[in-house]
Amino acid sequence: MAHIEVNDSNFDKEVIEKSKDKYILVDFWAPWCMPCLMLAPNLEKVAGEFKGLEFVKVNADENSKLGTKYKIMSIPAVKLFKDGKVIDEFVGSFPEQGIRDFLKKNIK
Amino acid sequence: MYDVAIIGLGPAGATAAIYSARYNLKTIVVGQVPGGTAAEAHKICNYPPFAEIKGFELAQRLLQHVQAMNVEVVFGKVENIEKKKDFFELNTGDKKIQAKKIVIATGTKRKQLGISRENEFRGKGISYCATCDGMFYKNKVAGVVGGGNAALTAALLLSEFAEKVYIFYRKDKFYKAEPAWTEQVLKNKKISPIFDVEIKELIGKTELEAVKLSNKKEIKLDGLFVEIGSDPNIAAVESLGVKKDERGYIIIDENCKTNIKGVYAAGDITNHKLKQIVVAEADGAVAATNIYHELMQ
Ligand SMILES: Cc1cc2nc3c(=O)[nH]c(=O)nc-3n(C[C@H](O)[C@H](O)[C@H](O)COP(=O)(O)OP(=O)(O)OC[C@H]3O[C@@H](n4cnc5c(N)ncnc54)[C@H](O)[C@@H]3O)c2cc1C
């Protein structure tokens, strides 16, 4: 599954608006965070197993407005959006199966 | 069947893999985080010949070095290891790996404070990685618990972003830290060490807002970094029956051998007193070399 990089200026369009029709999984990360780099491929892979779900990434270093808005204080921070709102989230590294369970629990 | 399976991709495991490959041994390495805990170090200033290197950069270089060798690299976790008649079987959940010899290089994990609401505030003020999360504290107030090198370097890093940084330490001086770090911390105007205290309570509605100390004082802050030491990552290898010291670290001899034939250990998981990158890498080299000699006999 491909992903797009979302930033301060297109977040509303790519996440808030789109989450009215589907689930959007947002990965807040930074380039020097090794746990983030290990998590991203797993997120991308598992997200691909779910219909009606899109996976996007936000570089938390470059997009401080979003960081502040969503109170990001630890990365990797993963948030699942539906209808413009965060419906569930986790922080830190998660194994593949953990991500799958997280999505199964939330995606109806 | 592999000649060698290495568990852990930190400095010890990576070096064992590189040496093992250079001995032409059929080698596989399974690890969760490349660079291990070293990836989380802010600045490393005691790893020659790098006068200064970021932990993250070192981690990337280690991984590149391993990937340039004839080594199979698996990103994942070894759940358990079984000793068979004359080989070992590693279970990663979706894969079984068989090898004649193994190197345990699983390192350590951060200790938690062990007080109530710690998990609730994780990612909402409680952090275990200053290098990952320091930048979220621009113009905020941060605290660090602990008094060793990891705690002091975390405080120094945070002082680059935060408006104020407290250090909470239960001793009356920084006995354990390198004098170079202590000096920098004490000189830093943004950092205020508070000695002889423990954290008793984490306070906040949905995010951490303050801590209550053992001296009854309440300190307002936006985040707290826990740097109070580490525990060995031993769970996956427990069933092998390797001998451990009283703190749970694997006892090795000068050849990095454990009490079990064919099982070697290297780096921070061992009973070495000095837990540093150069030591971990040296262990990895020693373990791989002795495995080579053992297999050649
Ligand atoms: C904040 C900080 C700053 C530091 N600064 C310095 C410094 O300036 N200089 C210095 O020399 N040292 C420093 N250190 C110490 C240094 O990082 C360690 O000594 C070194 O990383 C030890 O290497 P290791 O390979 O033994 O273990 P680790 O680096 O801990 O690596 C262990 C590896 O094993 C993996 N693992 C664990 N269990 C499993 C399992 N079941 N299956 C698969 N993989 C597993 C882990 O994910 C990791 O990849 C610092 C440490 C910290 C935390």
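Predicted model: local features only at pLDDT ≥ 70, side-chain atom pairs only at ≥ 80, totals over all residues.

Q: Okay, then where is A:Pro76 found?

A: A:Pro76 is in chain A, in the loop that runs between helix α3 (64-69) and strand β4 (77-82). The peptide bond that joins A:Ile75 to A:Pro76 is cis, with an omega of about -5°.

Q: And which bond is cis in chain B, and what is its omega near?

A: In chain B the bond from B:Pro48 to B:Pro49 is cis, and its omega is near 5°. B:Pro49 sits in the loop between β3 and β4 (53-54) of that chain.

Q: Let's look at the two chains together. How many residues of each are in contact?

A: On the chain A side there are 17 residues, and they are in contact with 22 residues of chain B. Within chain A, the residues that lose the most area to chain B are A:Trp32, A:Met34 and A:Met73, which together make up 43% of what that side buries.

Q: How much area do chain A and chain B bury between them?

A: The two chains bury about 1700 Å² between them, and 68% of that area is on carbon and sulfur atoms. The reason for quoting an area at all is that the size of an interface is often given as the accessible area lost when the parts come together.

Q: What about salt bridges across the interface, how many does the rule find?

A: Two are found across the interface of chain A and chain B. In a salt bridge between the chains, the side chain of A:Lys71 meets that of B:Glu207, with 3.5 Å from N to O. As for polar contacts between chain A and chain B, the count is four residue pairs.

Q: Which elements of chain A supply residues to the side that touches chain B?

A: Helix α2 (34-47) and strand β5 (85-91) of chain A each supply at least two residues of that side. The largest share comes from α2(A), with four residues. By type, the chain A side that touches chain B divides into 13 nonpolar residues, one polar and three charged.

Q: Switching to salt bridges in general, how many are there over all chains?

A: A search of the whole structure finds 22 of them over all chains. One of these is formed by A:Glu54 and A:Lys22, whose closest N and O atoms are 2.7 Å apart. That pair links distant parts of the chain, since A:Glu54 is in strand β3 (residues 53-59) while A:Lys22 is in the loop between α1 (11-17) and β2 (23-29), and the two are 32 residues apart.

Q: Now the ligand. Which residues come nearest to it?

A: There are 35 residues around the ligand, and those that come nearest are B:Ala12, B:Val33, B:Asn46, B:Val78 and B:Asp268. Two of these also have a polar backbone atom facing a ligand oxygen at a listed distance: for B:Val33 it is 2.7 Å, and for B:Ala12 it is 2.9 Å. For B:Leu9, a backbone N or O atom lies 3.4 Å from an oxygen atom of the ligand.

Q: How much of the ligand's accessible area does the protein cover?

A: On its own the ligand has 1000 Å² of accessible area, and the protein covers 91% of it.

Q: What is the shell around it made of?

A: The residues of the shell divide into 14 nonpolar, 15 polar and six charged. Among the elements of chain B that each supply at least two residues of the shell are α1 (11-22), β2 (27-31) and α6 (277-296).

How values were computed. Residues numbered from 1 in each chain as written. Chains lettered and ligands numbered in written order. Heavy atoms only, no water. Contact = heavy atoms within 4.5 Å. Buried area = accessible area lost by both parts, 1.4 Å probe. Salt bridge = Lys/Arg side-chain N within 4 Å of Asp/Glu carboxyl O. Polar contact = N/O pair within 3.5 Å; in protein donor to acceptor, adjacent residues only side chain to side chain. Nonpolar A, V, L, I, M, F, W, Y, C, P; charged D, E, K, R; others polar. Near = heavy atom within 4 Å. Areas by Shrake-Rupley, 256 points an atom, 1.4 Å probe, with all protein chains shown as cover.
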